[in-house]
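Welcome! Please take a look at the model below, and then let us walk through it together, from the whole chain down to single residues.

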2 protein chains.
Amino acid sequence: MFLDAFDPELFRTTSETVTAKLEKHLADQSIRGLELVAPATLARAARALMTPERTSAPEFDEERLAAIIDLYIRTGIQVHSPGYMGRQFSGVVPLAGVIDFVSSVVNQPSSFYEAGQLPNVAERIMADELGRLIGWKPGGFAMVTTSGGSLANLTALLAARNERYPGYWSGGAAAVDSPGRPAIAVGADVHYSVARAAGVMGIGDAQLVRLPLDAAQRIDPARVRPALDAAREQGLHVFCLVASAGTTAVGAFDPIDELADIARERDLWLHVDGAHGASLLVSDRLRHKLRGVERADSLTWDAHKMMFVPAPCTLLFYREEARSLAPFRQQASYVFDEEPDVYTALDSGGRNFECTKRPMIMTLWALWALYGPALFATKIEHLCRLTREAHRIVEDEPDFVALHHPEANILCFRHRPGGAAGLDDAALHRLQIDIRNRVKERGHFFISKVDIDHVAALRVVLMNHQITTEHIRMLLDEIRAVARDALDGAAHDGTPLTDTGPRP
Amino acid sequence: MFLDAFDPELFRTTSETVTAKLEKHLADQSIRGLELVAPATLARAARALMTPERTSAPEFDEERLAAIIDLYIRTGIQVHSPGYMGRQFSGVVPLAGVIDFVSSVVNQPSSFYEAGQLPNVAERIMADELGRLIGWKPGGFAMVTTSGGSLANLTALLAARNERYPGYWSGGAAAVDSPGRPAIAVGADVHYSVARAAGVMGIGDAQLVRLPLDAAQRIDPARVRPALDAAREQGLHVFCLVASAGTTAVGAFDPIDELADIARERDLWLHVDGAHGASLLVSDRLRHKLRGVERADSLTWDAHKMMFVPAPCTLLFYREEARSLAPFRQQASYVFDEEPDVYTALDSGGRNFECTKRPMIMTLWALWALYGPALFATKIEHLCRLTREAHRIVEDEPDFVALHHPEANILCFRHRPGGAAGLDDAALHRLQIDIRNRVKERGHFFISKVDIDHVAALRVVLMNHQITTEHIRMLLDEIRAVARDALDGAAHDGTPLTDTGPRP
């Protein structure tokens with residue numbers, strides 16, 4: 001009787017149910033953050049929706065499905081609401097969700113051409129389209145898709161490691177003949193996945209050389225050579241330099257062009273983590289933020305951030321095509337043909353981590369095919385402009401301090417209420433964390449926090465074009481209100497501002 | 001004008017278009033394999049569907065979308081047709097595709113509880129449900145989801161490495177104090193991702209100790225201790241033993257219980273790669289294939305294979321909960337809270353590779369909630385029974401040779417036509433490859449190939465319950481026909497059987 005579950009008609013009716021619920025969700029422009037539910041409470045609600053039947057599959061229960069979908073939508077982060085300002089994942093272009101729906105049903109794994117022909121061709125087309133924006137000519141470079149920026153960064157660093165130390169793959173770290181301990185130079189604000197990669201790869205995260213930042217939180221190019229020299233004196237052999245195009249913390253763009261000079265001079269692999277910011281390449285007005293990116297050896301670009309497609313959809317570029325084969329080596333007769341042909345030449349299984357890989361490119365390619373680059377450029381420019389306006393608003397308020405000039409769509413600031421002028425750094429830190437948690441609990445806005453110079457700051461990431469300056473002003477008022485509560489609470493009941501643990 | 005693309009009404013109409021096309025696709029029970037198109041031809045067709053407009057986003061073009069969807073469905077692997085017998089990816093339960101559609105639109109990254117509350121709770125529920133089938137009590141073990149079996153295997157091996165060599169993460173391979181070169185013991189038929197992991201992690205793939213197989217292609221437990229002794233004599237320090245529960249090649253189940261004895265005796269981390277076969281745990285009749293799995297330290301389980309949900313949906317289990325924290329270490333104030341609370345306790349960001357992670361558990365949990373385990377058990381038992389019947393059919397034909405007794409739903413065999421009785425191994429190898437390619441080109445069936453004892457074999461993986469024994473007989477006839485063509489062609493025009501390259 002399990003065949004009922006495979007009935008195409010049931011597929012249609014459930015698709016209609018879901019479409020109606022999602023349409024309503026997308027149309028809901030109320031200002032809302034998060035409805036945070038205690039895990040134990042939510043687990044009880046979820047368990048109540050599960051059939052008790054175990055020995056034979058029950059009939060399909062339409063109400064149960066509807067309740068599951070409602071609970072799923074309601075308890076998630078509300079990326080489509082103007083109250084959502086918190087993180088780098090995005091409300092998707094709805095049509096990208098529709099394309100991804102096709103991918104979920106036809107289930108074409110895209111590491112192998114024969115399994116997913118159009119996704120593989122679409123990858124080549126998007127490589128050409130985006131490679132041109134990087135500044136590369138078709139034919140000489142390579143692009144693979146992979147499941148997220150963390151994995152792309154690891155893959156690129158493996159390519160760098162294997163190229164510099166050819167014995168590493170087979171012999172392991174112990175077999176490597178190096179003038180010093182292999183090491184990777186990174187900006188002090190590099191994404192944690194890069195530091196992790198050093199730990200994963202056998203380099204060791206103690207072999208990360210953290211390059212100092214300038215006042216704008218970018219790697220300070222004047223201080224790179226001295227830092228590399230000091231590393232060498234400590235017995236480190238730096239083989240790779242990682243720049244960020246849009247740091248996670250504040251969205252700062254490291255000076256790629258100047259770092260490329262240093263990389264060439266010292267024979268380093270230059271990897272650019274553009275997970276967040278590479279999408280600015282789509283805009284003629286903003287492309288200059290990544291000046292020099294065409295000189296990078298590899299580039300990570302998350303389309304699921306500023307290209308507004310469902311996660312994951314990460315693109316990893318190599319300036320030289322042959323290097324895309326450097327991260328891995330393998331033999332497996334069940335998937336790899338011994339004699340490559342015109343079809344298997346497009347296989348990416350040898351170049352990416354995944355054996356079964358989602359055809360993630362299809363959402364991006366379909367949007368590009370239907371709307372061209374202008375869809376992305378227009379939205380990105382709008383978001384960056386809005387963030388500059390938000391910065392001006394924050395600057396104009398005496399009880400707020402902006403911590404940087406936003407280069408993209410991330411803005412970090414602190415609330416310094418007049419009555420708390422005397423707060424020391426520790427108290428200021430706790431107040432920001434308390435504000436963040438209280439804003440989250442109120443449920444109107446969702447913002448994040450980040451430590452800057454060891455003191456917490458509030459952080460907004462404007463991914464939603466439906467946010468207006470009016471919403472920004474409302475957020476500041478909300479922050480003022482919760483800060484008053486926090487400070488009053490501290491005064492009233494003696495609860496110290498350090499209380500950032502769970503609340504009833 | 002980019003706002004048009006975000007119109008909820010457009011979302012509904014495009015969803016309806018796509019639903020109608022997918023319903024038709026699911027209802028099409030014609031016997032078909034692959035419509036293989038030359039990449040250059042397909043690229044031209046795809047480019048023709050792209051708007052030439054670059055400076056401003058054009059109006060939505062419904063016909064263009066319809067053509068894209070049609071091309072996407074038509075050129076993919078036809079996992080929902082009975083002609084599809086080729087690989088381990090699956091036609092999904094259609095409802096799982098519908099749930100995944102919700103995930104694509106609501107876009108809740110599930111590495112962090114606050115971003116995707118229901119997915120995180122659903123992970124805990126499915127951990128309990130499936131952990132019970134493994135033989136573990138709730139509370140003591142851990143499960144994380146991750147993007148594919150290759151990544152899960154790497155994650156588990158990192159945990160093993162970091163536990164055994166505490167200095168590895170920070171100091172790197174060079175800092176490790178080990179009685180020999182760190183090494184991993186694997187079955188000779190282990191999936192390529194495990195061998196890759198050794199290369200990735202700095203262990204080096206030359207430090208893989210390949211354990212000999214018995215006649216049924218399983219690790220031969222009697223020969224493990226001598227192989228480990230020999231490795232030690234060669235200066236290797238084996239810290240981890242990897243068993244396969246369902247090898248990719250033939251679907252063989254290594255004797256986990258006996259390997260667990262050896263692992264305990266020698267203090268090895270026992271990892272079980274059950275990407276394909278762990279799903280048999282859902283069936284009371286088939287669970288015994290994994291006898292001893294409750295003694296494994298870690299287990300990889302791909303729900304996107306035999307649980308029939310969209311890829312990727314991989315589950316990685318640890319027998320001891322604390323060890324799920326062993327693969328990685330990191331600090332990142334923008335995502336990790338300094339003071340964990342009841343919410344962040346559910347965060348998996350510190351335990352899996354991904355920072356942004358698809359809420360992949362939702363498809364599996366929703367099916368489980370609606371249908372219970374019986375849906376999966378019934379289909380899996382059906383497929384394994386069908387594969388045994390296919391084996392009997394092959395055995396009964398004098399011109400076919402089955403190469404093993406199928407333990408799951410994978411069957412490997414060779415065609416040995418009467419007229420080719422005198423084929424040597426090299427010619428037999430080339431004939432199977434030629435058969436595989438010609439079957440693929442005819443477009444009725446899609447099968448795969450694998451090398452067994454250095455000679456190619458034909459391989460069917462029965463993932464589709466709509467396949468009947470009649471389809472198996474039709475496949476054998478098709479194989480006979482293409483083999484005749486291949487052998488005739490060789491006789492007529494002198495083309496040697498070695499011609500397995502591209503054809504016009």
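## The fold of one chain

Two residues are in contact if their C-beta atoms, placed from the backbone, lie within 7 Å. Among contacts in chain A between residues at least 6 apart in sequence, 73% join residues at least 24 apart.

A word on the source: this is a predicted model, in which local features need pLDDT of at least 70 and side-chain atom pairs count only at pLDDT 80 or more, while totals for chains, interfaces and linings use all residues. Residues are numbered from 1 along each chain as its sequence is written, and chains are lettered from A and ligands numbered from 1 in the order in which they are written.

Chain A has 15 helices and 11 strands; helices (H or I, at least four residues) and strands (E, at least two) are DSSP runs, numbered from the N terminus. Its C-alpha atoms fill a box of roughly 70 × 70 × 45 Å along the principal axes. The radius of gyration, taken over C-alpha atoms, is compared with a globule rule of 2.2 Å times the number of residues to the power 0.38. For 504 residues a compact globule would have a value near 23 Å, and the 25 Å of chain A agrees with that.

## Two domains

The domain bounds come from an automatic or database domain assignment. In chain A, domain 1 covers 25-93 + 373-504, and domain 2 covers 108-371. The centres of the two domains, taken over C-alpha atoms, are 30 Å apart.

Where do the domains of chain A meet? 23 residues of domain 1 are in contact with 28 residues of domain 2. On the domain 1 side, helix H13 (374-396), strand E9 (410-415) and strand E10 (448-452) of chain A each supply at least two residues, and H13(A) gives the largest share, eight residues. That side of domain 1 has 16 nonpolar, four polar and three charged residues. Here Ala, Val, Leu, Ile, Met, Phe, Trp, Tyr, Cys and Pro count as nonpolar, Asp, Glu, Lys and Arg as charged, and the others, Gly among them, as polar.

## Two chains

How are the copies related? A rotation of 180° with 0.0 Å of shift along its axis superposes chain A on chain B, with RMSD 0.0 Å. That is the relation of a two-fold axis. The superposition is by least squares on the C-alpha atoms of residues with pLDDT of at least 70 in both copies. Because 100% of the interface residues of chain A are also interface residues in chain B, the copies meet through the same surface.

## A buried strand and its partners

A residue is buried if 20 or more other C-beta atoms lie within 10 Å of its own, exposed if 12 or fewer, and partly exposed in between, with C-beta atoms placed from the backbone. In chain A, 59% of the 504 residues are buried.

Strand E6 (residues 298-302) of chain A has five of its five residues buried. In a regular strand the side chains alternate between the two faces of the sheet. Ser298(A), Thr300(A) and Asp302(A) point one way from E6(A), and Leu299(A) and Trp301(A) point the other way. Two strands pair if DSSP finds at least two bridges between them. E6(A) pairs in the parallel sense with strand E5 (residues 269-273) of chain A over three bridges, and it runs antiparallel to strand E7 (residues 314-318) of chain A, joined by five bridges. Thr300(A) is the bridge partner of Asp273(A), and Thr314(A) is the bridge partner of Asp302(A).

## Details in the loops

A cis peptide bond joins Ala311(A) and Pro312(A), with omega about -5°. Pro312(A) lies in the loop between helix H11 (303-306) and E7 of chain A.

Is His454(A) buried or exposed? With 9 C-beta neighbours inside 10 Å, His454(A) counts as exposed. This residue sits in the loop between E10 and strand E11 (455-461) of chain A, and its phi is near 70°, a positive value in a residue other than glycine.
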